[in-house]
Amino acid sequence: MSDYHAMEPGTFVDDQGAVHTMVPSSVVAAVPEAKAAAERFGQEVRFDFLDDRAVHWMLFQRREDTEKGSLLGCLLALPLLVFGVGAWPFWDLVASQKPRQFQIAFIALDAIIVCAAIVAIVLVRRRSLLDPVVRNVRCRARLYRKIVGMARKGGAEIPSMYPYYGMYATSRKFFPEAPERPIPEREETP
């Protein structure tokens with residue numbers, strides 16, 4: 001979290017690592033429908049969507065969460081790709097020409113490896129998928145995206161891809177009892 005202060009105020013990093021400028025909350029608030037939605041959603045999830053500093057912190061946390069998940073996702077997706085998708089050409093080119101016993105062993109071993117990879121993905125991601133603090137960030141990010149979409153449809157000058165990230169699958173429920181992550185204080189250097 002120490003690199004939060006390394007970013008320029010009003011900038012954030014998207015899923016691909018590109019730096020973008022935040023759309024000021026005044027642009028969103030200029031559209032009455034978006035402002036009303038920001039206030040309504042803000043009450044639901046205890047967040048001020050019209051506070052640039054709070055939105056900046058939320059976008060930073062969202063990027064951190066995505067970064068952690070994408071690295072693990074890539075590492076764990078490789079066995080699925082090799083043994084899931086790669087099993088088809090191996091079967092067609094090699095295993096179909098082998099004796100029945102080899103074919104049965106191949107299918108069984110491939111199924112065990114694919115199932116183990118799926119279980120590993122679930123177990124590794126389980127903690128972050130169930131963490132209420134992380135899920136609250138995801139929920140707020142989902143609602144922010146919805147609010148910005150309303151502002152864009154209402155005529156606000158907002159880039160078409162803003163806020164430049166995809167949706168979360170685990171972002172529907174808000175946990176009011178979960179603690180908030182405080183914005184880290186800037187370290188003073190002598």
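**Core and aromatic pairs**

The largest nonpolar core holds 33 residues, and those with the most contacts inside it are Phe49, Leu59, Tyr144, Ile147, Ile158 and Tyr162. Such a core is a set of buried Ala, Val, Leu, Ile, Met, Phe, Trp, Tyr and Cys residues joined through side-chain atoms within 4.5 Å. The most come from α6, with eight residues. Helices (H or I, at least four residues) and strands (E, at least two) are DSSP runs, numbered from the N terminus.

This is a predicted model, where local features need pLDDT of at least 70, side-chain atom pairs count only at pLDDT 80 or more, and totals for chains, interfaces and linings use all residues. Residues are numbered from 1 along each chain as its sequence is written, and side-chain values use heavy atoms, with hydrogens and water left out.

Start at Leu59. Leaving aside residues up to four places away in sequence, Leu59 touches Phe12, Met22, Tyr144, Tyr162 and Tyr165. Contact means heavy atoms within 4.5 Å.

Now turn to the rings. The structure holds nine aromatic pairs. Rings of Phe, Tyr and Trp (its six-membered ring) pair if their centres lie within 6.5 Å; planes under 30 degrees apart count as stacked, over 60 as edge-to-face and the rest as tilted. Phe12 and Tyr162 make an edge-to-face pair, 5.8 Å centre to centre with 80 degrees between the planes. This pair links distant parts of the chain: Phe12 is in strand β1 (residues 11-13), Tyr162 is in the segment after α6, and they are 150 residues apart. Phe12 counts as buried because its relative accessibility is 1%. Tyr162 is buried too, at 4%. Buried means under 20% relative accessible area, exposed over 50%, partly exposed in between (1.4 Å probe, protein chains only).

Phe49 and Tyr144 form a stacked pair, at 6.5 Å centre to centre and 10 degrees between the planes. Phe49 lies in the loop between α2 and α3 and Tyr144 in helix α6, so this pair ties together parts that are 95 residues apart in sequence. Phe49 is buried, with a relative accessible area of 3%. Tyr144 counts as buried at 3% relative accessibility. Ring pairs link Phe12, Phe47, Phe49, Tyr144, Tyr162 and Tyr164 into a cluster.

Leu50 also lies in the loop between α2 and α3. Leu50 counts as partly exposed because its relative accessibility is 23%. Not counting residues up to four places away in sequence, its contacts are Ser25, Val28, Ala29, Lys35, Ala38 and Glu39. The C-alpha atoms of Leu50 and Glu39 are 8.0 Å apart.
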